[in-house]
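Hello,

I am handing over the structure below. My notes on its aromatic contacts follow it.

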Amino acid sequence: MKTLRIKHVDAFTSKPFEGNPAGVVVEADGLSDQEMQSIAREKNLPETAFVLKPTVQNADLQIRWFTPDAEVPLCGHATIASFHALAEDGLAGLKPEGQHYFRLQTKSGVLNVKVEKNFSGTSVEFELPLPKFRVKKQLPASFLKSLGLKSNQLEKKLPIVSDLYLYVPVKNLAVLKNMEPDFRSLRKELRKSKHIGVCLLSVETIEKNSSVHSRFFAPAVGIDEDPVTGSANGPLGAYLHQFAIPAGFKVPSRTLADGRTEFIGEQGDEVGRPGRVKIRVAAKGNAFQSVSIAGEAVTVLDSTLRLK
């Protein structure tokens, strides 16, 4: 009987049972696509990550991400969770404290990861592909209805844009809190529009130092609501830079020593799993040079999985 270790890690938080949960198989070489999908379905978490040897020369590691229903090309929180798990076990050269740099092979390209490990814990920064926003004039009435929204609840001073996901600005936190999507209808609308998921955002936040609050829905790939979506929060930083700040919205941020701007994304409060994402953007005008997300994680379960 084949066995392998699998961890349950909560990302974008330092507290168990908050943030976004991910399954992590730290040594997944030899698993078939079908086995990875079956494991992800069995775990039934937003994503399960599988750490593998790279198959391209310019990468140090490879990660593949599966929802309960499908493989996805990008996942932020499960990447944070994976490198936390590797550092915890001292794998992939992560035994000593200090700063460690990786080139990560993914289905979205080879991306940079920085791991900072010290006596107090591990912080992971993950570079994302640069967003290429396409402005949409409006959403179809059927799409709005599937979200449980009316057109007068949208923030008209900000655009609806699409990238890997669809980004829809709403007027305030109350709209986000009270919305009740019809997930069956939303699944059809997302498949029709060819988007993996939809991110609803507000520049009104719970905490005064936060920059944006969001909710994320992806029923087309088996995730009705994702607690804290790293791959959506990264582009949100670019969205704030390109659209919200020029429109006159006051968006808290800070300038890092390397000149990048750091925003804080809030998510997960509506589902009882609050998480906070550090979003780091480097840009000249509206030309983005880099977009990354950073955060911590905590392991809540370390177990053995048995396969036939």
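**Aromatic pairs**

Y239 and F243 are four residues apart in helix 6, so about one helical turn separates them. Please keep in mind that the model is predicted.

The two rings form a tilted aromatic pair, with 5.1 Å from centre to centre and 55 degrees between the planes. Y239 has a relative accessibility of 0% and therefore counts as buried. F243 counts as buried too, because its relative accessibility is 15% and the cut-off for buried is under 20%.

Where do the two partners sit in the chain? F133 is in the loop between strand 8 (121–128) and strand 9 (134–136), while F243 belongs to helix 6 (residues 230–244), so the pair ties together parts that are 110 residues apart in sequence. F133 has a relative accessible area of 16%, so this residue is buried.

Taken together, ring pairs link F133, Y239 and F243 with Y167 into a cluster.

Regards

Terms used. Residues are numbered from 1 along each chain as its sequence is written. This is a predicted model: local features need pLDDT of at least 70, side-chain atom pairs count only at pLDDT 80 or more; totals for chains, interfaces and linings use all residues. Side-chain values use heavy atoms; hydrogens and water are left out. Helices (H or I, at least four residues) and strands (E, at least two) are DSSP runs, numbered from the N terminus. Buried means under 20% relative accessible area, exposed over 50%, partly exposed in between (1.4 Å probe, protein chains only). Rings of Phe, Tyr and Trp (its six-membered ring) pair if their centres lie within 6.5 Å; planes under 30 degrees apart count as stacked, over 60 as edge-to-face and the rest as tilted.
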